[in-house]
Amino acid sequence: TPGVDNKKPASKPEVKLPFTDVSTSDWFYDDVAFVYKNGLFSGTDSRSFSPNASMTRAMLVTVLYRLEGEPTVTGRSSFTDVRSGAYYEKSVIWAAANGVVKGVSSTEFGPSKNITRQELVTILWRLAAKKGLNTSNAGLTVPEFADRSQIAAWAAEAMSWGCTRGILTGKSANRVDPTGTATRAEAAAMIVRFRNLGTAGEKQ
């Protein structure tokens with residue numbers, strides 16, 4: 001799709017995808033191939049990746065937990081809506097304990113809630129800080145997107161970081177769409193870019 005986070009790398013990874021809804025001509029092909037090959041994302045079923053489906057909060061923390069090597073966690077989640085034994089339970093415990101995510105309220109995590117683009121970038125920004133990456137915005141500003149006034153105050157610093165470091169790119173009509181729901185393809189792309197930022201050794 002033109003203008004939708006479509007920075008496409010020149011080379012294609014050598015990986016056979018089982019998904020009938022991901023084509024080599026898609027802007028997100030390389031990102032999906034990377035996250036699938038490295039076990040970060042699985043399909044929504046054996047033949048579908050569902051690139052245009054919404055990314056939920058549970059899906060996101062699970063992917064980030066895998067990205068960090070699934071460190072050992074103990075205890076139970078303090079969120080009342082995180083079921084014991086749920087696939088995302090350990091991920092939520094890890095993310096909350098490390099300050100990577102916050103609940104939608106003091107008692108609820110909201111695992112099935114769709115995540116917005118500015119929420120996703122803010123979570124990546126917090127994870128970057130935890131990993132010791134440079135999260136400073138000294139001298140950097142968010143590009144003049146037509147809808148930049150929609151960026152929430154709590155997400156402003158993270159969005160500036162995300163835009164200036166290439167984690168987040170604009171959409172058509174010069175929009176950054178901060179309140180729009182992140183798709184699984186967009187999330188995959190942002191997470192691959194985030195990982196590449198970390199491997200580039202961008203320390204404090």
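1. Glu-186 and Arg-117 are both buried, where buried means under 20% relative accessible area, exposed means over 50% and partly exposed lies in between, computed with a 1.4 Å probe and with protein chains only. Glu-186 forms a salt bridge with Arg-117, their closest N and O atoms being 3.4 Å apart; the term stands for a side-chain nitrogen of Lys or Arg within 4 Å of a carboxyl oxygen of Asp or Glu. This pair links distant parts of the chain, since Glu-186 belongs to helix 6 (residues 184-199) and Arg-117 to helix 4, 69 residues apart. Helices here are DSSP runs of H or I of at least four residues, strands are runs of E of at least two, and both are numbered from the N terminus.

2. The model is predicted, so local features need pLDDT of at least 70 and side-chain atom pairs count only at pLDDT 80 or more, whereas totals for chains, interfaces and linings use all residues. Residues are numbered from 1 along each chain as its sequence is written, and side-chain values use heavy atoms, with hydrogens and water left out.

3. Through salt bridges that share partners, Arg-117, Lys-171, Asp-177 and Glu-186 are joined into one network.

4. The structure holds five salt bridges, and one of them joins Lys-131 to Glu-68, with closest N and O atoms 3.0 Å apart. Here too distant parts of the chain are linked: Lys-131 sits in the loop between helix 4 (117-130) and helix 5 (156-164), while Glu-68 sits in the loop between helix 2 (57-67) and helix 3 (89-97), 63 residues away. Lys-131 is partly exposed, at 32% relative accessible area, and Glu-68 also counts as partly exposed, at 23%.

5. Which side chain of opposite charge is nearest to Arg-57? Arg-57, placed in helix 2, is buried yet has no salt bridge, and the nearest such side chain, that of Glu-119, is 5.0 Å away; Lys and Arg count as positive and Asp and Glu as negative, with His and the chain ends not counted. Leaving aside neighbours within four places in sequence, Arg-57 is in contact (heavy atoms within 4.5 Å) with residues including Lys-102, Val-104, Phe-109, Pro-111, Lys-113 and Ile-115.

6. Helix 2 is largely enclosed by the rest of the structure, because eight of its 11 residues are buried. Among these buried residues are Arg-57, Leu-60, Val-61, Val-63, Leu-64 and Tyr-65. Helix 2 is followed by Gly-69, whose phi is positive, near 85°.

7. Helix 4 has 14 residues and reaches 20 Å from its first C-alpha to its last, close to the 20 Å expected at 1.5 Å a residue, the expected span being 1.5 Å times one less than the number of residues. With 10 of its 14 residues buried, helix 4 is likewise largely enclosed by the rest of the structure; Gln-118, Leu-120, Ile-123, Leu-124 and Trp-125 are among the buried ones. Just after helix 4, Gly-132 takes a positive phi of about 80°.

8. The largest nonpolar core has 58 residues, and those with the most contacts inside it are Phe-41, Leu-124 and Trp-161; such a core is a set of buried Ala, Val, Leu, Ile, Met, Phe, Trp, Tyr and Cys residues joined through side-chain atoms within 4.5 Å. Not counting residues up to four places away in sequence, Leu-124 touches Leu-64, Trp-161, Ile-167, Met-190, Ile-191 and Phe-194.

9. Finally, the chain as a whole. The protein chain has six helices and zero strands, and of its 204 residues 47% count as buried. Residues 24 or more positions apart account for 70% of the contacts with a separation of 6 or more.
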